[in-house]
Amino acid sequence: MRFTYAEAMTDPSYHLPLARAAEAAGYSSISVADSLVYPKESDSRYPYTPDGSREFLEDKDFIETFTLIAAMGAVTSTIRFTPFVLKLAVRPPVLVAKQASSIACLTGNRLGLGVGLSPWQEDFQVMGVPWERRGKRMDESIEVVRGLTGGGYFEYHGEFFDFPAVKMSPAPTEPIPILVGGHSAPALRRAARLGDGWMHGGGDAEELDSLLARLAAARAEEGTADRPFEIHVISLDAYTVDGVKRLEDKGVTDVIVGFRMPYVKGPDTEPLAKKIEKLERFAESVISKVAP
């Protein structure tokens, strides 16, 4: 089992010392949140809060995802970075491929590219991308990113993207794992068909079991069940040694842990020293007893 430390919507000056502390404590990865804009007016609902509220996002600090990963990568040497998740469907995939390749090269292949659809129509609007057929656009974007980060000449001819053979340099020395987020049936099928892994957005244990069963069925239907596959999960079981073992038995490869409730209005007032104390305490009580 690998352990991912999650901290977002906090003081931007905390990220680098937290990255160093998480690496020293034995975490495998750091998740990196992605947010573009906060609209003044919106009818959009957030899919991972009970009431769909998104007001907690207002005035929260989000450093651009690849910029933050590059900064944290420069002060660490082993810890991996997993966007959770990059809103790929609203971005130009050729540019994302260049950014991901550059990050992978600079960090020694320490990138697991978590991607997903933005739930906000406003993200599509401000980026000049149609909301309609976003799922198909997402599929093509994944294919473009995978092809262009492979290192050789790559051409693509699809509904949304069409270009002749091109290549990027430098290219990563290892393939960049693409981890697909989302709980919907299309998201699970996309992860099974196109991804190297799946990222869970949270929920109770019963829902997680259902999602894992649906994911396994999708991988069987797509003929990808025997392919190496990462499963990143948010679960209360991750906070105890016995719980981690239960998750391992379910096929989970990575657990995502955080130590404060992020879905609250207003600034994060927890001091940096308290954050480091919490992540170190968990490492001592759980990671050290589970990780090889």
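**Close-up 1. Packing of helix α2 on helix α3.** In this predicted model, helix α2 (residues 65-74) packs against helix α3 (residues 93-107) at an angle of about 10°, and their axes lie 10 Å apart. Axes here are lines fitted to C-alpha atoms, for helices over the stretch in contact, with angles from 0 to 180 degrees between N-to-C directions. That angle makes α2 roughly parallel to α3 (under 35 degrees counts as roughly parallel, over 145 as roughly antiparallel, 65 to 115 as roughly perpendicular and the rest as oblique). From α2, look for Phe66, Ile69, Ala70 and Gly73, which meet Val96, Gln99, Ala100, Ile103 and Thr107 of α3; contact means heavy atoms within 4.5 Å. By class, this contact has six nonpolar, three polar and no charged residues (Ala, Val, Leu, Ile, Met, Phe, Trp, Tyr, Cys and Pro count as nonpolar, Asp, Glu, Lys and Arg as charged, and the others, Gly among them, as polar). Helices (H or I, at least four residues) and strands (E, at least two) are DSSP runs numbered from the N terminus.

**Close-up 2. Packing of helix α1 on helix α9.** Here α1 and helix α9 (residues 272-290) pack at an angle of about 20°, with 10 Å between their axes. The two helices, α1 and α9, are therefore roughly parallel to each other. Pro17, Leu18, Ala21, Ala22 and Ala25 of α1 make the contact with Leu272, Lys275, Ile276, Leu279 and Ala283 of α9. Nine of these contact residues are nonpolar, none is polar and one is charged.

**Close-up 3. The largest cavity.** This cavity has a volume of about 130 Å³. A cavity is a set of points, on a 1 Å grid over the protein atoms alone, where a 1.4 Å probe fits but cannot get out; lining residues have an atom within 4 Å of a point. Of its 16 lining residues, Glu7, Ala8, His15, Ser31 and Leu68 are the closest to the centre. Two or more lining residues come from each of α1 (15-25), β2 (29-32) and α2. The lining divides into 12 nonpolar, two polar and two charged residues.

**Close-up 4. The second largest cavity.** Its volume is about 30 Å³. Tyr5, Glu7, Phe259, Arg260, Glu270 and Lys275 form the lining, with two nonpolar, no polar and four charged residues.

**Notes for all views.** Residues are numbered from 1 along each chain as its sequence is written, and side-chain values use heavy atoms, leaving out hydrogens and water. Local features need pLDDT of at least 70 and side-chain atom pairs count only at pLDDT 80 or more, while totals for chains, interfaces and linings use all residues.

Notes:
On a 1 Å grid over the protein atoms alone, a cavity is a set of points where a 1.4 Å probe fits but cannot get out, and a pocket is an open set with protein on both sides within 12 Å along at least five of seven lines; lining residues have an atom within 4 Å of a point. Grid points are joined across faces, edges and corners, and a volume is the space filled by probe spheres set on the points.
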